[in-house]
Every structure is written in C-alpha cells, then in structure tokens.
Amino acid sequence: MLSVFLLQAFHSSSIDLMDVRSVHFLNSRPSNQSAGDLLVDVFSDIDAGVISHVPGTEDNFVRFVCKNSGVLFENQLLQIGLRSEFRQNLGRMYVFYGNKTFDQFNSFTSEVICPGNLSAQLNIQTKPVDSMLEGSTQVQQVLNIECISDFVNAPFLNVQFSRYDGDLQNISVKLPITLNKFFQPTEMSAEDFFRRWKQLSSSLQEVQQIFQAKSPMDSEITKAKLVGFGVALLDGVDPNSANFVGSGIIQTKTVQVGCLLRLEPNSQAQMYRLTLRTSKEDVSKRLCELLAEQF
C-alpha cells in the first residue's frame, strides 16, 4: 500500500598540489554568489525524484556512499526515504517520512545531531516538519548542507513520535552525508596523472587496502560504483586495462583537496588492491575506508 503511495509522492522533488590549470572540471559552473545564496539557489532545478522500496529494517548507510536516493530506514511503522544532490561544497537532501499505519502519529519531530566537532565541519540547516503525521501519508523535510572542512563522522537523524495509545517511538539513524559527496570529478591526461601520482608519494599521503571481494567482480558494476563515488574515471591511463584509475577534488569551504585513486582487481584471487593518494592524510584514510566497503 505505502510503497505505491510513496512512489507517487516522491516524483519530482587554495588546491593542494593539484594544478587546476591543466585540469578540466566536469559539470562546473562559474559563480559570483555567496555560499548562502548558492545554498538556496543552486538546486532550483532539482527534481525531487522517485525512490525505490528496499525491504528490511537495517540501517542502509553503506549503500548510500555511491548513490543518492533510496530507503534509509524502514520498520512496521515508519519508512524514511532520501533523495539528495551535491554540487561543489553544498548539498540538499530531501527526507521523506512515510506513516505505514492507518493511525495518526502525534508530536512528530526530527532532529539532526552532529557528534563531536562535526558541527564545525558540516553546516546543516533543517526545515521543520508538521508535528502531526496522518495514517498512510508522508511528509517531506529539506536539509541544506554546507561542507566547511573535511570530516570523518556522519550526522545522526533522530525521529520521535507518539501513537494513538501514547506509545513513544524513538528512531536514530546515520545520515549518509559522507566526504565523497563533495567530490568534483576532474579529467586529466595520463602524463598529468602520473606526474601528480609521483608528487603525492609521501607515506602520509597514500593509503592502501587489500581486501577480499564481497560480491562477484563485474567491471561494469565497478565503473558505476566509482562514478557514483564521485571521481572521473580515466580511460587508457593505467597500462593494465583491467585496472581502474580516477581523479577528483574534494570541495570544502576552507580547502580543496586533490585526490587520485587506483583500483586493481585480481579476478583469480577474488581480491582488490585499492590505493588512494591525496595531499591530506585524513582525507586519504577516510576515502579509502568508504570506497573499500563497496566491493
């Protein structure tokens, strides 16, 4: 019942070491607006979109690293769906709350919590939702997001409401706002790629993981995940055609961090070797952690 309802309701809603003079920004646009103006205006052409139904009640945080829409949480009472867009260091997230019962939810509230010093790294502005959610209906909440600096932790979404019998419900899920959402994919030649690869050769700039494949190794799925992660795939750069290389720039308000990656699949051993090089150690570590979870 609700899945059909939701499908209808969701429809339509200084660079470190990277020399940008030889880099082509994909989908970039010039701007003389302030960050505040962009936060309001840069998403004016976004369609609220359609999100698909995902069974189960588990936190789907990891699934959202390489995608921007879907069901984040679901139990027998409530479904929480997301649709988001990110451009440069700004983002907008539409959160959909669907009442799966025929009963009214009262005192409905939602709050975004930034643990630790995350509030200094992410600026998240929320618009309040109606305190009453009728049975078999849904409401939308909009979050405006600004990335101030690179970060590791994710914010939490806390939802609270009471049912007709006064039973108080509390739900807390991690919001999939991750560092890679602020990637600006960049194209570069093989010569530029390997020149910068050598520049980023310090042990504090490179992070590498070797891990077992969690699912069948499929090159097209791998490409889709890497593009969803936010980098530009560079064809014909790696001498081994089975490998994947990509580049991008993490856009924050305070600094822009150039990133190069190389993913080497070994189909016989069913293993991957993932190497990330950036000019900031913490960025290299976090991006490697996020991407390694996808394979």
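Strands β3 and β4 (residues 78-87) pair in the antiparallel sense over 5 bridges, where strands are DSSP runs of E of at least two residues, numbered from the N terminus, and two strands count as paired if DSSP finds at least two bridges between them. The structure is a predicted model, in which local features need pLDDT of at least 70, side-chain atom pairs count only at pLDDT 80 or more, and totals for chains, interfaces and linings use all residues. Residues are numbered from 1 along each chain as its sequence is written, and side-chain values use heavy atoms, with hydrogens and water left out.

One of the residues involved is serine 84, whose bridge partner in β5 is methionine 93.

These strands belong to an open sheet of 5 strands in the order β3-β4-β5-β8-β7, with antiparallel pairing. Strands β3 and β7 (122-126) stand at the edges with a single partner strand each, so one side of each is left without a neighbour in the sheet. Neighbouring strands of this sheet are turned by 25 degrees against each other on average, direction ignored. For such angles, axes are lines fitted to C-alpha atoms, for helices over the stretch in contact, and angles run from 0 to 180 degrees between N-to-C directions. Strands of a sheet pair through backbone hydrogen bonds, either parallel or antiparallel.

Another open sheet is formed by 3 strands in the order β6-β9-β10, and its pairing is antiparallel. Its edge strands are β6 (106-113) and β10 (168-174), each of which pairs on one side only. From one strand to the next, the twist averages 10 degrees. Strand β6 and strand β9 (residues 156-162) pair in the antiparallel sense over 6 bridges. In this pairing, isoleucine 113 has phenylalanine 156 of β9 as its bridge partner.

A search of the whole structure finds 10 aromatic pairs; rings of Phe, Tyr and Trp (its six-membered ring) pair if their centres lie within 6.5 Å, and planes under 30 degrees apart count as stacked, over 60 as edge-to-face and the rest as tilted. Among these pairs is the one between phenylalanine 108 and phenylalanine 161, which is stacked, with 5.7 Å centre to centre and 20 degrees between the planes. Phenylalanine 108 lies in strand β6 and phenylalanine 161 in strand β9, so the pair ties together parts that are 53 residues apart in sequence. Phenylalanine 108 is buried, with a relative accessible area of 2%, and phenylalanine 161 is buried, with a value of 0%. Ring pairs also link Tyr97, Phe105, Phe108 and Phe161 into a cluster.

Charged side chains are likewise found over rings. The charged end of lysine 174 sits over the ring of phenylalanine 61, 4.3 Å from its centre, and lysine 67 lies over the face of phenylalanine 64, at 5.2 Å from the ring centre. The criterion is that NZ of Lys or CZ of Arg is within 6 Å of the ring centre and within 35 degrees of the ring normal.

Backbone geometry was also considered. Most residues other than glycine have a negative phi, and most peptide bonds are trans. Serine 107 has a positive phi of about 50 degrees although it is not a glycine, and this residue is placed in strand β6. Glutamine 270, also a residue other than glycine, has a positive phi near 55 degrees. Glutamine 270 lies in the loop between β15 (256-266) and β16 (271-278) and is partly exposed, with a relative accessible area of 31%.

As to confidence, the chain averages a pLDDT of 85, and 80% of the residues score at least 70; pLDDT is the predictor's confidence in each residue, from 0 to 100. Over residues 4-58 the pLDDT is below 50, and beyond near neighbours in sequence this stretch has 134 contacts in the model, a contact being heavy atoms within 4.5 Å.

Conventions. Helices (H or I, at least four residues) and strands (E, at least two) are DSSP runs, numbered from the N terminus. Buried means under 20% relative accessible area, exposed over 50%, partly exposed in between (1.4 Å probe, protein chains only).
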